[in-house]
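This report goes through one structure, taking the chains and their contacts before the details of single parts. Please look at the sequence and the model before reading on.

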Amino acid sequence: METSIWRALLYLVGIMAFAGLNAAYLGWCERKGAARIQRRIGPCEAGYAGLLQPLADGLKLMSKQLLVPDGVDGIIFRVAPVLAMIPAITSMVVIPFSENIGARAMELSVLLLFALASISMIAILLGGWASGNKYAVISAARSVSQNLAYEIPMLITVITVVLISGSLNLREIAIDQQGGFWHWNIFRLENGHFLTMWISFIIFFICSVAETNRAPFDMAEAESELVAGFMTEYGSMGFGLFMMGEYLNIVVGACLTATLFLGGWDCPFGKTPGVWWFLIKIYILIFTFIWIRWTYPRTQIYRLLNLSWKILIPFSLINLLITAALIKVF
Amino acid sequence: MNMLEKTQAALAELFPQAEAGEGATEAAARQPGVLRTDPARHGSHLDVLCGPDQVVAVARIMDREGYFLEAVSGVDWLEKQQLEIIYDYNRLGGEHCRVMVRTQVPRSEAVVPTVSAVFPAADWHERETYDFYGVHFQDHPNLIRILLPEDADFHPLLKDFTP
Amino acid sequence: MTVPIHLRHDETFVLNLGPQHPATHGVLRVKLTMDGEYIVKAEPVLGYIHRMHEKLAEAGTFAQFMPNTARMDYLHALAFNHGWALVVEKAAGIEVPERAEYIRVITVELNRIASHLLWWAAFLLDLGGFTPLLYAFDDREKVIDLLERVTGSRLTYCYMRFGGVYNDIDDEFIAGTRDFIKRLRGRMPSLYHDLVTHNIILIKRIKDIGIITPEQCRRYGATGPVARGSGINYDVRKNEPYSVYPEFDFDVPVFDECDSMARYMVRMHEMEQSLRIIEQALDKLPDGPVMGKAPKVLKPEAGYYYSAVETARGSLGHRLICDGGKNPYKLKLRSPTFSNLSLYGEVAEGMLLADALAFMGSLDLVIPEIDR
Amino acid sequence: MSGYWSDIFTGGKSLLVGLTITAREFFKPVVTEQYPYEVPTMTPLFRGHIELIGNEETGAPNCVVCGMCQRACPSLCISLDGKKNEGGKGKVLTSYVLDFTKCSLCGSCVESCNFNALRFSKEYNLASFDKNDFIMDLLKRLEDQNQCKH
């Protein structure tokens with residue numbers, strides 16, 4: 001009994017530390033990455049190569065007054081940023097970092113992740129609504145319709161993965177893909193799944209960009225239209241929590257993509273699997289998120305819904321059918 | 001018949017009593033009518049002086065001939081106690097021809113009918129002239145301050161205005 | 001995009017876009033009556049940066065107004081310099097040496113490229129693309145460095161004089177300009193067109209958005225790239241030639257689609273045409289003085305004068321009225337975006353908020369020029 | 001329907017092309033100038049605020065207090081004063097104050113000067129918290145410059 005308490009504590013601290021570090025330093029990575037793409041050098045004053053910048057930003061945000069403007073719904077206004085952060089951290093619980101590292105391997109972990117992901121949508125809705133700002137309300141409405149539209153193709157593609165692996169447990173799904181990249185769901189040779197799974201992967205990736213409200217799908221905080229969207233009225237750590245929540249959602253999205261499609265902690269050459277492979281994969285994915293954001297202009301809300309309903313959903317449904325047929329045939 | 005002559009003929013119909021004259025613009029004390037000016041010197045081909053009541057009729061003709069309204073400007077002739085409104089018409093492409101239409105109203109009772117019903121471009125330009133000179137444009141749909149604050153109570157481009 | 005829903009005028013709310021808003025690039029305020037995200041009525045409110053330049057013109061001498069001209073359209077300041085110099089030269093009958101005319105054309109066209117580059121950057125920023133902004137600024141910086149070499153300032157130039165220009169250009173400037181032409185031509189296809197113009201997101205975003213009919217252009221007096229994007233072949237440089245423009249071989253890009261994409265393409269092609277003009281001007285550049293004979297105190301004959309120039313945003317007119325004195329009696333500035341913006345209300349009706357902002361970006365507004 | 005497929009393929013291709021371009025730029029060197037670690041050199045014609053030119057030998061200002069610059073200035077930011085030159089002809093400058101808060105750097109004053117007494121300085125580091133820092137005594141500035149020279 002005693003060991004399990006230590007284990008729980010260790011994981012609690014570990015996950016919090018992982019989440020906190022990521023939330024802080026992804027901001028730095030984003031700024032550095034953007035700067036390099038734009039041929040600038042980015043943060044460089046605070047510490048070596050600006051490495052202390054997240055710390056300085058955090059201190060600044062924390063030392064500011066948590067301003068609650070007149071006429072807002074006080075409780076909801078305060079709760080929303082916390083609500084954006086909590087599900088993102090909680091999601092880390094079920095993510096298997098390697099065969100032995102993972103806080104909890106639940107049977108329905110995929111479902112749990114999606115349930116938690118929709119809570120962060122509610123956080124945006126509440127934050128925007130409680131602000132009582134017209135821009136924030138428009139942003140909240142946009143964000144909800146966007147997340148609804150993108151959860152459907154995302155779930156359908158996840159079903160294809162679940163069909164192949166026969167499990168809703170992320171750990172089981174990852175174990176199912178061990179033994180080199182030809183076993184990964186995206187390239188899976190077995191039953192000819194590679195024919196359709198790369199499309200599923202692309203759909204899933206696009207959806208996770210949209211789900212995390214990242215450019216080019218950042219309709220909710222489209223700064224040139226809606227000022228700062230749902231965050232317009234937030235300052236200090238309320239704003240900081242929203243930002244951290246956004247980055248954590250990216251981490252969760254990358255973890256999920258790596259686990260579902262890229263073999264989790266598996267080595268591409270079938271040797272020495274381990275947590276480092278998992279980390280390499282998720283950071284490559286995260287870099288792709290950043291890379292995409294600093295390449296494209298923003299799309300328009302109805303184009304975004306068109307993309308989901310007219311392209312992603314039909315394609316994911318067809319993919320699902322073909323995958324199911326392949327499993328049945330072979 | 002080129003554009004200039006055609007426009008001149010169309011405009012001259014508004015002024016039956018005036019004789020068609022040629023030459024440079026004389027001092028402002030001239031009779032209503034159409035006058036040719038040297039575009040290289042003055043920038044406009046025709047100089048039309050009309051009464052305030054003819055402004056809309058001129059605008060209709062210009063609209064029919066395919067002109068666009070470039071600008072509306074006011075001038076305050078303090079010595080003559082007159083305000084002058086200048087409408088610059090120009091052509092969008094094709095043969096270039098700029099027509100300057102002027103009308104003069106007494107300073108004490110500066111009322112001119114609006115041409116914004118013919119050219120929506122006049123809407124803002126007339127508001128600006130109202131703003132700066134206090135010229136009242138009759139039947140203007142929305143004659144409020146445009147560049148100055150809405151609570152301003154002065155017309156700064158009048159020559160006797162001192163801040 | 002046609003209006004897909006029936007606008008309900010009884011359930012509207014008012015959204016104040018500005019005076020401080022990231023998309024208005026300055027202090028323009030648009031009072032939007034909205035039905036959800038659809039615009040029922042858009043009403044621009046001007047004057048937040050009004051400085052009464054016309055009164056300032058009356059207060060000083062002709063030469064003293066020159067620095068003010070650059071403060072209106074700070075992106076294409078040299079064209080405003082040029083316009084003011086032209087109208088006064090017309091009124092006072094001042095001759096300009098040929099070399100000065102060539103230098104004017106070179107600098108004005110360089111400035112036009114800088115202006116279009118900044119428009120491109122800001123437009124992409126409106127559409128949420130941040131990276132192209134920095135690429136455009138990289139190129140724009142080169143232009144500004146070149147202009148700084150000859151004019152002494154980086155943004156609000158006061159370079160033209162009645163009868164010439166303030167300073168002669170040197171060989172280093174000429175070599176630098178040739179380098180810049182090569183550089184921009186080299187970067188244009190990949191960094192501008194492959195990255196942005198052919199990008200599906202951008203095309204979907206601005207194609208068929210903000211349709212301005214040629215008739216609307218005429219009724220509202222829209223000029224410049226806005227008119228040329230609506231199929232109107234009107235460019236002051238061609239229609240009412242001034243300076244030495246008739247000596248150059250260049251095209252006026254005209255697009256018939258009437259949408260934001262057409263206006264975008266017009267400006268992209270105009271940059272190429274400006275490069276052509278500069279190239280020819282550098283080849284033909286005559287020797288001689290850069291300042292003609294001009295009296296120290298100008299007293300133009302009484303009369304009405306009008307002169308138009310083509311700025312990056314359209315036809316800029318100076319209506320100058322002289323009474324024979326040392327000061328202008330009256331100066332009316334016909335700024336192009338003032339007229340271009342006036343059609344915003346009519347066109348933006350029924351648009352989505354995001355589209356309306358993309359449309360506003362495609363008009364290329366410079367607020368100090370509207371407010372004067 | 002053809003538009004649907006071509007949108008997916010050409011659109012997808014354009015997105016990939018965009019990514020390769022930004023990736024290529026990612027590995028190119030930085031183009032920005034790291035002020036204040038790297039200081040730009042001003043071009044010879046750079047227009048800073050104006051300053052007085054001193055005589056090569058004596059260091060006294062070339063200015064003869066004719067007031068042309070004052071009259072040429074559109075923003076009335078120059079105020080100067082002089083007194084009668086004792087023992088010589090003409091006037092001697094006693095004060096020359098530039099109100100740089102109003103100056104628009106048009107250069108009318110420099111152009112109007114017939115005595116080679118004014119020029120543009122090359123100073124561009126002109127930030128301050130105090131408005132009074134921009135009311136510049138140019139005569140004092142010239143004296144300081146003379147002192148530095150010796």
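How far apart are the nearest C-alpha atoms of chain A and chain B, which do not touch? The distance between them is 25 Å. The model is a predicted one, and every value below is computed from it.

**Contacts between chains**

Chain B and chain D do not touch either, with 17 Å between their nearest C-alpha atoms. The two pairs without contact are listed here.

| Pair of chains | Distance between nearest C-alpha atoms |
|---|---|
| Chain A and chain B | 25 Å |
| Chain B and chain D | 17 Å |

There are 4 pairs of chains that touch, and among these the pair of chains B and C has the most contacts. Chain B puts 29 residues into this contact, and chain C puts in 33 residues. On the side of chain B that touches chain C, at least two residues each come from α2 (39-42), β4 (67-77), β5 (82-91) and α4 (121-133) of chain B. The most is given by β4(B), with 6 residues. By type, the residues on this side of chain B are 17 nonpolar, 7 polar and 5 charged.

**A sheet in chain C**

Chain C has an open sheet of 3 strands in the order β6-β7-β8, and the pairing is antiparallel. The edges are taken by β6 (303-311) and β8 (330-334) of chain C; each has a single partner strand, so one side of each has no neighbour in the sheet. On average, neighbouring strands of this sheet are turned by 15° against each other, direction ignored.

In general, strands of a sheet pair through backbone hydrogen bonds, in either a parallel or an antiparallel way. Here β6(C) and β7 (residues 314-322) of chain C run antiparallel and are joined by 9 bridges. Within this pairing, C:Gly303 stands opposite C:Cys322 in β7(C). Helix α3 (residues 77-92) of chain C lies across β6 and β7 of chain C, and its direction is at about 150° to β6(C).

**Chain A as a whole**

What does the secondary structure of chain A come to? Chain A has 11 helices and 0 strands. Its radius of gyration is 20 Å, close to the 20 Å that the globule rule gives for 330 residues, so chain A is as compact as a globular protein of that length. The C-alpha trace of chain A spans about 65 × 50 × 45 Å along its principal axes.

Of the 330 residues in chain A, 51% are buried. Among the contacts in chain A with a separation of 6 or more, 77% are between residues 24 or more positions apart.

Definitions and conventions:
Residues are numbered from 1 along each chain as its sequence is written. Chains are lettered from A and ligands numbered from 1 in the order in which they are written. This is a predicted model: local features need pLDDT of at least 70, side-chain atom pairs count only at pLDDT 80 or more; totals for chains, interfaces and linings use all residues. Two residues are in contact if their C-beta atoms, placed from the backbone, lie within 7 Å. Helices (H or I, at least four residues) and strands (E, at least two) are DSSP runs, numbered from the N terminus. Ala, Val, Leu, Ile, Met, Phe, Trp, Tyr, Cys and Pro count as nonpolar, Asp, Glu, Lys and Arg as charged, and the others, Gly among them, as polar. Two strands pair if DSSP finds at least two bridges between them. Axes are lines fitted to C-alpha atoms, for helices over the stretch in contact, and angles run from 0 to 180 degrees between N-to-C directions. The radius of gyration is taken over C-alpha atoms; the globule rule is 2.2 Å times the number of residues to the power 0.38. A residue is buried if 20 or more other C-beta atoms lie within 10 Å of its own, exposed if 12 or fewer, and partly exposed in between; C-beta atoms are placed from the backbone.
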